[in-house]
Amino acid sequence: MLVEGIALGWLLIVLGAVLLLVEAYQPGFFVAVPATVLIILGILLLLGVDILSSPIALVVGVLAAIVAASITVWLYGRLTPGHEPPKTLSRDSLVGLEGTVVAPVDPETLAGKVRLGSMEWSARSESGVIPVGRKVIVVRSEGVHVVVREVT
């Protein structure tokens, strides 16, 4: 049984290492936990702990796997970026934002431009021409441009 355990131990270690490489090259699969557990169980088998037939060794193997998984999850949490939600900008999130006209805006064309925060957007007005420098508010977004109204 010792030879089979050593062979299985090496197999588990190699499989765990392959899974860790997959996680390194394609982050997000979260295969680091099973990879670590496989490596720990493989090491136990190489050390002669027969986790497959002895009840006490099985308990040791399960406890080692739980500890390895817990440490891996903790380390994974420490290595990943902060817990802030992603900063994405959708066109619907523009409604209600105030900005400044940087190119004259009129209701007929998309030649007008407005600055919303640090970004410039193509814009048209709800009604009438809005000259450069005026403050506007976004009333809706349509495709890749926004519709604005002058703030009075």
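Visitor: Which residues does Ala32 touch, not counting residues up to four places away in sequence?

Guide: With residues up to four places away in sequence not counted, Ala32 touches Leu20, Glu23, Thr72 and Tyr76, where contact means heavy atoms within 4.5 Å. This is a predicted model, in which local features need pLDDT of at least 70 and side-chain atom pairs count only at pLDDT 80 or more, whereas totals for chains, interfaces and linings use all residues. Residues are numbered from 1 along each chain as its sequence is written, and side-chain values use heavy atoms, with hydrogens and water left out.

Visitor: And is Ala32 buried or exposed?

Guide: Ala32 counts as buried because its relative accessible area is 7%, and buried means under 20%, exposed over 50% and partly exposed in between, calculated with a 1.4 Å probe on protein chains only.

Visitor: At what angle do H2 and H3 cross?

Guide: The axes of helix H2 (residues 32–46) and helix H3 (residues 55–79) cross at roughly 145 degrees and come within 8 Å, each axis being a line fitted to C-alpha atoms over the stretch in contact, with angles running from 0 to 180 degrees between N-to-C directions. Residues on both helices make the contact, including Ala32, Ile40 and Leu44 of H2 and Ala64, Ala68 and Tyr76 of H3.

Visitor: New topic: how many salt bridges does a search of the whole structure find?

Guide: The search finds four, a salt bridge being a side-chain nitrogen of Lys or Arg within 4 Å of a carboxyl oxygen of Asp or Glu. One of them joins Arg115 and Glu120 at 2.9 Å, N to O; Arg115 is partly exposed at 34% relative accessibility, and Glu120 is partly exposed at 43%.

Visitor: How far apart are the closest N and O atoms of Arg124 and Glu142?

Guide: They are 3.0 Å apart, in a salt bridge. Arg124 lies in strand S3 (residues 119–125) and Glu142 in strand S4 (residues 135–142), so this pair ties together parts that are 18 residues apart in sequence.

Visitor: Which side chain meets Glu150 in a salt bridge?

Guide: Arg134 does, at 2.7 Å from N to O, and the pair links distant parts of the chain, with Glu150 in strand S5 (residues 145–150) and Arg134, 16 residues apart from it, in the loop between S3 and S4. Separately, salt bridges that share partners join Arg124, Arg140 and Glu142 into one network.

Visitor: Then there's Asp106: which side chain of opposite charge is nearest to it?

Guide: The nearest is that of Arg124, 8.0 Å away, and Asp106 is buried yet has no salt bridge; here Lys and Arg count as positive and Asp and Glu as negative, while His and the chain ends are not counted. Asp106 lies in the loop between strand S1 (98–103) and strand S2 (112–116).

Visitor: What does the side chain of Asp106 reach?

Guide: The side chain of Asp106 reaches the backbone nitrogen of Thr109 at 2.9 Å. Leaving aside residues up to four places away in sequence, Asp106 touches Arg124, Ser125, Gly128 and Val129.

Methods: Helix = DSSP H or I, 4+ residues; strand = E, 2+ residues; numbered from the N terminus. Polar contact = N/O pair within 3.5 Å; in protein donor to acceptor, adjacent residues only side chain to side chain.
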